[in-house]
Amino acid sequence: MADLAAVKRALTAQRIETPSWAYGNSGTRFKVFTQPGVPRNPEEKIADAAAVHRFTGVAPTVALHIPWDKVDDYAALTRYATDLGVGIGAINTNVFQDDDYKLGSVTNPDAGVRRKATDHLLEAIDIMDRTGSQDLKLWFSDGINYPGQDDLRTRQDRLATALRETYDRLGPDQRILLEYKLFEPAFYATDVPDWGTSYAHCIELGERATVCIDTGHHAPGTNIEFIVAFLLRQGRLGAFDFNSRFYADDDLMVGAADPFQLFRIMYEIVRAGALDPSYGIAFMLDQCHNIERKIPAIIRSVMNVQEATAKALLVDRDALFAAQQSGDVLESNAVFMDAYNTDVRPLLAEVRTDAGLDPDPIAAYKRSGYDEKIIADRVGGNQAGWGA
Ligand code: PSV
Ligand code: MN
């Protein structure tokens with residue numbers, strides 16, 4: 001039996017970071033649907049992140065995206081966040097929305113474009129210095145659409161050069177989170193398509209370069225928990241971008257498509273003792289909410305991660321190891337599934353009540369009047385969204 005007091009302590013200490021862009025408008029390649037009450041600036045996004053933290057108690061940081069969240073005074077923005085009870089988390093770079101990047105950013109055949117892209121990565125570290133952020137999250141949309149369009153190997157050299165310059169600029173407490181993505185927007189070849197490529201570049205760079213696993217960035221059927229286990233063993237798992245995919249990179253609420261997969265991932269985390277914030281893994285959401293209200297969707301996502309975590313913590317590891325050791329296939333699987341099939345909602349309600357929170361964060365949010373207030377207040381101005 002898992003020690004219930006220890007499980008509750010672990011759940012209380014858990015931390016989940018929310019992304020500023022999830023509070024803004026978003027859509028598919030075909031349509032961005034706007035919603036009333038959407039933030040018009042970084043401050044309003046931070047205010048929404050603070051609301052999520054107030055109701056969940058486990059989401060005390062918000063990731064920024066530059067230049068979407070560009071401001072003149074990052075120290076002031078950080079103070080603003082602190083006053084609302086949250087901190088600034090990872091800084092995300094954007095080398096995918098300028099016309100210059102049509103043929104790639106840091107892997108572009110044009111040295112001038114590569115310089116511009118690398119300068120943006122360096123600028124992001126300047127911002128981290130001011131916000132106190134430790135994580136620079138890099139996702140490159142770089143890739144090619146047609147065989148022969150560019151030299152696959154040379155593009156890896158260009159990538160390595162830009163990463164080296166960026167890594168060398170990091171402060172002692174800062175690190176790179178290098179994300180990979182199987183495809184899109186490049187359809188034939190992507191320059192960082194998988195964890196192996198990301199891992200190899202991280203090894204080359206040094207120990208402050210780690211892999212970010214975006215759960216939506218794999219081929220169907222990929223065993224993501226294997227990647228988690230492998231990278232943890234190598235000490236190179238730095239972060240998650242949690243979301244759900246049904247087909248491609250859907251970026252829907254984590255735990256919506258495959259809660260069992262999320263449980264299996266969280267089990268590897270628990271198994272490695274990597275859940276506690278002091279271990280250094282950033283558990284972030286990377287989602288967008290195109291048709292549903294954004295704040296309750298983010299609260300629901302945080303709760304889904306908590307539920308998967310609670311189930312992972314409930315695995316009777318002594319019984320599991322004993323069954324595994326004796327080669328009892330059915331018993332091992334049964335122990336694992338027992339934990340997954342436990343209804344952990346009452347346990348999490350208790351954890352929240354103990355922390356002085358409402359046991360039902362979604363209901364509490366709905367009752368709070370926050371949604372009505374932002375709809376009434378945020379009139380005029382330009383709503384934030386992709387490209388804003
Ligand atoms: C694009 O796929 C993406 O969702 C990446 O996962 C990044 O983390 C995110 O955008 C923000 O740039
Ligand atoms: Mn991501």
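Buried means under 20% relative accessible area, exposed means over 50%, and partly exposed lies in between (1.4 Å probe, protein chains only). By that scale aspartate 371 is buried, with a relative accessible area of 17%. This is a predicted model: local features need pLDDT of at least 70, side-chain atom pairs count only at pLDDT 80 or more, and totals for chains, interfaces and linings use all residues. Residues are numbered from 1 along each chain as its sequence is written, and side-chain values use heavy atoms, with hydrogens and water left out.

**Salt bridges**

- The whole structure holds 27 salt bridges (a side-chain nitrogen of Lys or Arg within 4 Å of a carboxyl oxygen of Asp or Glu).
- Side chains of opposite charge can pair when their charged atoms come close.
- Aspartate 371 pairs with arginine 293 in a salt bridge, at 3.1 Å from N to O.
- Aspartate 371 sits in helix 14 (residues 370-377), and arginine 293 in the loop between strand 12 (282-285) and helix 9, 78 residues apart.
- Helices (H or I, at least four residues) and strands (E, at least two) are DSSP runs, numbered from the N terminus.
- Arginine 293 is partly exposed, with a relative accessible area of 24%.
- Shared partners join Arg40, Glu44, Asp48 and Arg378 into one salt-bridge network.

**Buried pairs**

- Aspartate 241 and lysine 137 form a salt bridge, 3.0 Å from N to O.
- This pair links distant parts of the chain: strand 11 (residues 237-242) holds aspartate 241 and strand 6 (residues 135-138) holds lysine 137, 104 residues apart.
- Both aspartate 241 and lysine 137 are buried.
- Aspartate 249 bridges to lysine 181, with the closest N and O atoms 2.9 Å apart.
- Aspartate 249 is in the loop between strand 11 and helix 8 (259-271), and lysine 181 in the loop between strand 8 (175-179) and strand 9 (189-190), so the pair ties together parts 68 residues apart in sequence.
- Aspartate 249 and lysine 181 are both buried.

**Helix 9 against helix 13**

- The axes of helix 9 (residues 294-314) and helix 13 (residues 361-368) come within 9 Å and cross at roughly 160°.
- That makes the two helices roughly antiparallel (an angle over 145 degrees).
- Ile295, Pro296, Ile299, Arg300 and Met303 of helix 9 meet Pro361, Ile362 and Tyr365 of helix 13 (contact: heavy atoms within 4.5 Å).
- By class, this contact has seven nonpolar, no polar and one charged residues.
- Ala, Val, Leu, Ile, Met, Phe, Trp, Tyr, Cys and Pro count as nonpolar, Asp, Glu, Lys and Arg as charged, and the others, Gly among them, as polar.

Conventions
Chains lettered and ligands numbered in written order. Axes fitted to C-alpha atoms, helices over the stretch in contact; angles between N-to-C directions. Parallel < 35°, antiparallel > 145°, perpendicular 65-115°, else oblique.
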